[in-house]
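Here are some exercises to work through with the model open beside you. Try each task before you read its solution.

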Amino acid sequence: MHILVTNDDGVTAPGLLALAQEMKKLGQVTVFAPDRNWSASGHVKTMDRPLRVRETILADGTPAFMSDGAPSDCVALALLGLIEEKIDIVVSGINPNANIGHDVTYSGTVTAAMEAVIDGVPGLAISLDSPENHGGKLDYTTAASVARRVAEKVTAEGLPQGVVWNVNVPYLKENELKGFMVTRQGLRLYRDELDRRLDPRGRPYYWIGGQAPTGVDEPGTDFGALRAGYVSITPLQLDLTAREAMRRLENWKF
Ligand code: MN
């Protein structure tokens, strides 16, 4: 099996290294990641400038490709032929923070996996629900092991066309996990605030600030599963059509 490993935190991120090392247990690994952090940059296709690709190595000596494009650009470049050997699965992560609810379209981790699905290759996104304000090094051991177990399952069972698995892992030791739960997207509660400041010349500039998002703790959701100590697996589809709204609109006279 040939696994493409990518992320949105950049090629030097520890979560990428942990994921690449664990995926080597399943087969051949090619690492292709952005050369910088693209967190919360969403689904990108760079069309207004050339993309450069360079070879590098991870901290353990693993060879890797890096590009100045977004995570989804990296996946597109690889699948469009920059990597010549056929890729069987794309695994994106391990993101140091959860990607749940409405996060998924902001997320570079998830949209990299979505790019794989657009190109007809199974895509997995793996994120770690690390505690807020966690200082120091994060432990990616559990999330890496979960990623391997899920990737093994996906390759054994296959995924339906057009579906991405969005996997979120609680920040627990593996033997402390309650299990795996198939979930739907929960409701994220963003606490964004407009932070207006002045530059040294007195001109205004802005940050989207405020506190970290929280969510509604509801059973059956990604947020609820994490709160209860379960690995959350949410199958996502790129077809975002609101079918209920469609039925209503069909009765409108324009
Ligand atoms: Mn990230």
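**Exercise 1. The largest pocket**

By class, how many nonpolar, polar and charged residues does the lining of the largest pocket have?

Solution. Before counting, note that this is a predicted model: local features need pLDDT of at least 70, side-chain atom pairs count only at pLDDT 80 or more, and totals for chains, interfaces and linings use all residues. Residues are numbered from 1 along each chain as its sequence is written, and side-chain values use heavy atoms, with hydrogens and water left out.

Step 1: On a 1 Å grid over the protein atoms alone, a pocket is an open set of points where a 1.4 Å probe fits, with protein on both sides within 12 Å along at least five of seven lines; lining residues have an atom within 4 Å of a point.

Step 2: sort the lining. There are 13 nonpolar, ten polar and eight charged residues (Ala, Val, Leu, Ile, Met, Phe, Trp, Tyr, Cys and Pro count as nonpolar, Asp, Glu, Lys and Arg as charged, and the others, Gly among them, as polar).

Step 3: find the middle. Of the 31 lining residues, Asn 97, Ala 98, Asp 103, Arg 188 and Pro 213 lie nearest the centre. Two or more lining residues each come from helix H3 (103-106), helix H4 (108-118), strand S9 (188-198), strand S10 (204-215) and helix H6 (222-227). Helices (H or I, at least four residues) and strands (E, at least two) are DSSP runs, numbered from the N terminus.

**Exercise 2. The second largest pocket**

Which element gives the largest share of the lining of the second largest pocket?

Solution. Step 1: list contributors. H3 and strand S11 (230-237) each supply at least two residues.

Step 1: S11 gives three residues, the largest share.

Step 2: check the classes. This lining divides into six nonpolar, three polar and one charged.

**Exercise 3. The metal site**

Which residues coordinate the manganese ion?

Solution. Step 1: pick out the donors (N, O and S atoms within 2.8 Å of the metal, or 3.2 Å for Na, K and Ca; water is not among the atoms, so sites may look incomplete). They come from Asp 8 (OD), Asp 9 (OD), Ser 39 (OG) and Asn 95 (OD1), at 2.1 to 2.3 Å.

Step 1: Asp 8 is in the loop between strand S1 (2-6) and helix H1 (14-23), while Ser 39 is in the loop between strand S2 (28-34) and strand S3 (53-57), so the pair ties together parts 31 residues apart in sequence.

Step 2: compare accessibility. Asp 8 is buried at 2% relative accessibility, whereas Ser 39 is partly exposed at 33% (buried is under 20% relative accessible area, exposed over 50%, partly exposed in between; 1.4 Å probe, protein chains only).

**Exercise 4. Helix H4**

Is H4 largely enclosed or open, and why?

Solution. Step 1: count. Ten of its eleven residues are buried, so H4 is largely enclosed by the rest of the structure.

Step 1: look at the ends. At the N-terminal end, Ser 107 is the cap, with a side-chain oxygen 3.1 Å from the backbone nitrogen of Thr 109. Just after H4, Gly 120 takes a positive phi of about 80°.

Conventions. A polar contact is a pair of N or O atoms within 3.5 Å; within protein, one must be able to donate a hydrogen and the other to accept it, and residues adjacent in sequence count only if both atoms are side-chain atoms.
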